[in-house]
Amino acid sequence: YAPAPESREIARLKPRYQIFIDGQFRDGAGDAIKTINPADESPLAEVAEAGPSDVHDAVRAARAALGPWSALPGRERGKYLFRIARAIAERGRELAVLESLDNGKPIRESRDVDVPTAAAHFFYYAGWADKLGYAGFGPDPKPVGVAGQIIPWNFPLLMAAWKIAPALACGNT
């Protein structure tokens with residue numbers, strides 16, 4: 001027998017996660033955060049926390065990537081967003097279980113709303129990436145630059161999609 005579609009075994013959690021800056025995983029300068037399952041208070045994982053120096057490094061890396069990323073034609077940026085959407089959709093069951101374990105929300109909400117809607121946002125903005133000149137901002141809209149975004153605890157994947165997908169589609173980093 002296979003695990004049930006909502007089984008915790010679907011979630012491939014590592015005991016520890018690092019931060020990701022400039023294409024590299026590394027330890028954060030801040031204290032590590034222990035995440036717990038709110039349903040039974042069992043530990044899920046330890047997550048590295050960024051410190052001020054890490055944020056500085058992340059902004060520096062994003063500024064360095066801004067030129068090449070924003071220079072890509074919208075069609076090419078759209079391809080990357082489409083790949084992200086596909087990855088979310090393909091790993092939807094696992095992501096739904098992770099969202100439920102981390103938030104304590106019902107699996108039905110994560111599986112049927114949060115994860116598919118996050119994928120849909122990336123699909124949507126993948127389609128917009130090459131049509132920005134028709135969106136009412138003039139024929140050649142320019143990116144704003146580096147976008148720092150705060151993602152709350154209650155809908156992390158969905159809210160990240162709401163913020164990251166349009167920023168990337170418009171050529172921001």
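**Aromatic pairs**

Begin by selecting Trp69, which counts as buried because its relative accessibility is 15%, where buried means under 20% relative accessible area, exposed over 50% and partly exposed in between, with a 1.4 Å probe and protein chains only. The model is a predicted one, in which local features need pLDDT of at least 70 and side-chain atom pairs count only at pLDDT 80 or more, while totals for chains, interfaces and linings use all residues. Residues are numbered from 1 along each chain as its sequence is written, and side-chain values use heavy atoms, with hydrogens and water left out.

Trp69 lies in helix α1 (residues 52–71) and Tyr80 in helix α2, so the pair ties together parts that are 11 residues apart in sequence; helices (H or I, at least four residues) and strands (E, at least two) are DSSP runs, numbered from the N terminus.

Next select Phe82, partly exposed at a relative accessible area of 41%, and Phe123, partly exposed at 33%. Phe82 and Phe123 form an edge-to-face pair, 5.2 Å centre to centre with 65° between the planes, and this pair links distant parts of the chain, with Phe82 in helix α2 and Phe123 in helix α4, 41 residues apart.

**The nonpolar cores**

Which residues have the most contacts inside the largest nonpolar core? Select Leu81, Ile88, Val115, Ala118 and Phe122, which have the most contacts within this core of 15 residues; a nonpolar core is a set of buried Ala, Val, Leu, Ile, Met, Phe, Trp, Tyr and Cys residues joined through side-chain atoms within 4.5 Å. The elements that give two or more residues to this core are α2 (74–90), α4 (107–128) and α5 (156–169). A second, separate core has five residues, including Ile10, Ala11, Val97 and Leu101.

Keep Leu81 selected and show what surrounds its side chain. Apart from neighbours within four places in sequence, Leu81 is in contact (heavy atoms within 4.5 Å) with Phe122, Tyr125, Ala126, Ala165, Leu168 and Ala169.

**Helix α3 and its end**

Move on to α3 and colour its buried residues, which are Gly92, Glu94, Ala96, Val97, Glu99, Ser100, Leu101 and Asn103. These buried residues pack against β4 (33–36), β5 (43–47), α2, α4 and α5. Just after α3, Gly104 takes a positive phi of about 80°.

**Two loop residues**

Most residues other than glycine have a negative phi. Select Asp22, in the loop between β2 (19–21) and β3 (24–26), where phi is near 55°, a positive value in a residue other than glycine. Asp22 counts as exposed, at 61% relative accessibility.

Finally, select Glu41, in the loop between β4 and β5, which has a positive phi of about 60° although it is not a glycine. Glu41 counts as exposed, at 63% relative accessibility.

Definitions and conventions:
Rings of Phe, Tyr and Trp (its six-membered ring) pair if their centres lie within 6.5 Å; planes under 30 degrees apart count as stacked, over 60 as edge-to-face and the rest as tilted.
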